[in-house]
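Biologist: I would like to learn how to read a protein model. Could we go through it one feature at a time?
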Amino acid sequence: MRLRKKPWIKEAIKEYEDVLAANPQGGKWNDVFGRVAPLYVELGTGKGRFITALAARHPEINFVGIEAQLDVLYYAAQKAHEQRLSNVRLLHFDVNNILEIFSPGEVDRVFINFCDPWPKKRHAKRRLTNRWFLDKYRVILAEGGELYFKTDNERLFEASLNEFADTGLGLRNISFDLHNSGYQDNIMTEYEAKFSALGMKIYRTEVIFAKSAEQ
Ligand SMILES: C[S@@+](CC[C@H](N)C(=O)[O-])C[C@H]1O[C@@H](n2cnc3c(N)ncnc32)[C@H](O)[C@@H]1O
């Protein structure tokens with residue numbers, strides 16, 4: 001997601017401090033939220049349409065959204081703040097360093113929605129579904145934890161399914177056309193709305209990080 005630099009955002013985002021997480025440390029997320037609850041994390045949260053709608057639907061769950069671009073995160077923070085979502089915290093952070101902010105087994109579910117496809121083979125390691133990232137998710141996810149993945153990019157989906165299978169992860173509810181699959185619970189992301197309006201199919205799968213699936 002490329003935006004023109006908006007210098008005012010660095011100041012303006014301070015207005016939404018209630019939904020921003022500052023200097024988080026692994027193992028402390030229940031303290032941040034002030035309660036013990038399952039923890040769901042969205043990687044590359046973008047402008048926040050998905051995480052804010054899901055959090056409004058599930059007040060019993062704590063949600064963390066991670067986004068590398070402040071110019072994009074600003075709009076997610078605005079949504080969470082205006083909807084007074086006390087179960088959402090947003091983080092200006094790079095997923096590459098995810099092991100710094102969650103302790104082993106602290107996360108119950110990870111969402112990756114429409115991540116950058118990095119189509120060139122030499123950039124495969126940058127895909128958020130690459131095995132190099134999967135190894136990190138394996139550490140922070142609880143036993144039986146899950147990764148929910150959606151994309152409009154068929155080749156990324158194919159490559160990702162192979163990464164999941166090659167690293168011994170379990171798969172379920174695979175869909176090659178989510179919007180015509182009868183799946184009821186879908187919440188559209190900004191990218192999903194844009195691409196599906198252009199007639200593109202949406203691919204989705206759930207990945208299970210169970211010990212039994214690793215063998
Ligand atoms: C294609 S956009 C999709 C945004 C949103 N998930 C959606 O579906 O509308 C991918 C987002 O992931 C973010 N991103 C990519 N790599 C990241 C990383 N390593 N750490 C944090 N965010 C990242 C980008 O800045 C961008 O906002």
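**Reading the core, the sheet and the ligand shell**

Modeller: Start with one residue and its contacts. Leaving out residues up to four places away in sequence, Val-88 touches Val-19, Ile-51, Thr-52, Ala-55, Phe-63, Gly-65 and Ala-80. Keep in mind that this is a predicted model.

Biologist: Which residues of the largest nonpolar core touch the most other members?

Modeller: The general idea is that nonpolar side chains tend to be buried together in soluble globular proteins. Here the largest nonpolar core has 45 residues, and those touching the most other members are Val-41, Ala-77, Val-88, Leu-90, Val-110, Ile-112 and Tyr-137. Helix H4 gives the most to this core, six residues. There is also a second, separate core of five residues, including Leu-156 and Ile-202.

Biologist: In what order do the strands of the sheet lie?

Modeller: Seven strands form an open, mixed sheet in the order S3-S2-S1-S4-S5-S7-S6. Strand S3 (88–92) and strand S6 (170–175) are the edges, each pairing on one side only. On average, neighbouring strands are turned by 15° against each other, direction ignored.

Biologist: How many bridges join S6 to S7?

Modeller: Four bridges join S6 to strand S7 (residues 203–209), and the two run antiparallel. Leu-171 stands opposite Val-207 in S7.

Biologist: Which strands does helix H4 lie across?

Modeller: For a helix on a sheet, look at what lies under the helix and at the angle. Helix H4 (residues 70–82) lies across strand S2 (62–67) and S3, running at about 170° to S3. Helix H5 (residues 131–140) also packs on the sheet, where H5 touches strand S4 (107–113), strand S5 (141–151) and S7. The direction of H5 makes about 140° with that of S5.

Biologist: Is Glu-42 buried or exposed?

Modeller: To decide, count neighbours. Glu-42, in strand S1 (residues 39–43), counts as buried because Glu-42 has 26 C-beta neighbours inside 10 Å, and the cut-off for buried is 20 or more. Beyond its neighbours within four places in sequence, Glu-42 is in contact with Phe-50, Ile-51, Gly-65, Ile-66, Phe-111 and Asn-113.

Biologist: Which residues come nearest to the ligand?

Modeller: List the shell, then sort the list. Of the 20 residues around the ligand, the nearest are Gly-44, Gly-46, Ala-68, Phe-114 and Thr-189. S2 and helix H7 (190–197) are the elements that give two or more residues to this shell, and H7 has the largest share, with three. By type, the shell divides into eight nonpolar, seven polar and five charged residues.

Key: Residues numbered from 1 in each chain as written. Predicted model: local features only at pLDDT ≥ 70, side-chain atom pairs only at ≥ 80, totals over all residues. Pairing = 2+ DSSP bridges. Axes fitted to C-alpha atoms, helices over the stretch in contact; angles between N-to-C directions. Contact = placed C-beta atoms within 7 Å. Near = placed C-beta within 6 Å. Nonpolar A, V, L, I, M, F, W, Y, C, P; charged D, E, K, R; others polar. Core = buried A, V, L, I, M, F, W, Y, C linked by C-beta atoms within 7 Å. Buried ≥ 20, exposed ≤ 12 C-beta atoms within 10 Å, placed from the backbone.
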